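Trainee: Could we go through this structure together, term by term? I would like to learn what each word rests on.
Mentor: Gladly, let us take a look.

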Amino acid sequence: MISIVVRAADPMSLQGVELLLRRSEGTVLLPADQVAHADVVLILANEVTEETMSWMEEAAAAPADRQPRIVLVADRISRPRLAQAVRYGLVSLLPRARTGFTEILQALLNSRAGAAQMPGELLRSLIEESPLLREPTGSTPPGGFEGREVEVLRLLAEGLDTTEVAARLNYSERTIKNIIFTVTRRLNLRNRTHAVAFAMRMGAL
């Protein structure tokens, strides 16, 4: 089961998605004040505003071992806010105008398995222009990734989840998770999306 908190800019979207999630197998809907107990926070917004960012910040404030992943469905987000959202725990960004409930549900389930989903043009802009993805303080020299780390990050960039990466590389899923954890901790990165973007910017991918 995956526990989900939904936040939305308008009541109709909130009620509609919550109703569909209650009817979906494998999902548990939590109230907004239980964000620290959620696996994923789903945020729906036409445009990412200060209010939207405050919801993400609230999720990021959860205890380190309980910080939920964030799935955002939105049509407009500025580059600075996108960079900050990644630091708050954003793993998937879906274009609202082209996304239905089936795609949202799949992104939620994939996030639990470790998969990330980010439009290519936004990921490139994040890498090229965001100061939050420049070399972190205290990190290893640029390009200082080990061979296994590059292999794992490259497959994550292609949209594979940890189970699929493990099968492709013939490693255990625990090994893949340990590699991701080691990279993010060593380079002071927020999450695997942040790690993929940083590796691309450093020319490792």
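**What the words rest on**

Mentor: In the lining of the largest pocket, H8 has the largest share, with five residues. Before we go on, note that this is a predicted model, where local features need pLDDT of at least 70, side-chain atom pairs count only at pLDDT 80 or more, and totals for chains, interfaces and linings use all residues. Residues are numbered from 1 along each chain as its sequence is written, and side-chain values use heavy atoms, with hydrogens and water left out.

Trainee: What makes a space a pocket, and what makes a residue part of its lining?

Mentor: On a 1 Å grid over the protein atoms alone, a pocket is an open set of points with protein on both sides within 12 Å along at least five of seven lines, and lining residues have an atom within 4 Å of a point. Here 25 residues line the largest pocket, and Ala64, Gln67, Arg69, Arg190 and Asn191 lie nearest its centre. Helix H4 (101-113) and helix H8 (173-186) are the elements that give two or more residues to that lining.

Trainee: How many residues of each class are in the lining of the largest pocket?

Mentor: There are eight nonpolar, seven polar and 10 charged residues. Ala, Val, Leu, Ile, Met, Phe, Trp, Tyr, Cys and Pro count as nonpolar, Asp, Glu, Lys and Arg as charged, and the others, Gly among them, as polar.

Trainee: Why is H6 called roughly perpendicular to H8?

Mentor: The axes of helix H6 (residues 147-157) and H8 cross at roughly 100° and come within 10 Å. Angles of 65 to 115 degrees count as roughly perpendicular, so H6 is roughly perpendicular to H8. Axes are lines fitted to C-alpha atoms, for helices over the stretch in contact, and angles run from 0 to 180 degrees between N-to-C directions.

Trainee: Which residues of H6 meet H8?

Mentor: Arg148, Glu149, Val152, Leu153 and Leu156 do, and their partners in H8 include Ile176, Ile179 and Val183. Contact means heavy atoms within 4.5 Å. By class, this contact of H6 with H8 has seven nonpolar, two polar and three charged residues.

Trainee: What makes two strands a pair?

Mentor: DSSP must find at least two bridges between them. Five bridges join strand E4 (residues 69-76) to E5, so the two count as paired.

Trainee: What is the order of the strands in the open sheet?

Mentor: The five strands follow the order E2-E1-E3-E4-E5, with parallel pairing. Strand E2 (27-30) and strand E5 (90-95) are the edge strands, each pairing on one side only.

Methods. On a 1 Å grid over the protein atoms alone, a cavity is a set of points where a 1.4 Å probe fits but cannot get out, and a pocket is an open set with protein on both sides within 12 Å along at least five of seven lines; lining residues have an atom within 4 Å of a point. Helices (H or I, at least four residues) and strands (E, at least two) are DSSP runs, numbered from the N terminus. Angles under 35 degrees count as roughly parallel, over 145 as roughly antiparallel, 65 to 115 as roughly perpendicular and the rest as oblique.
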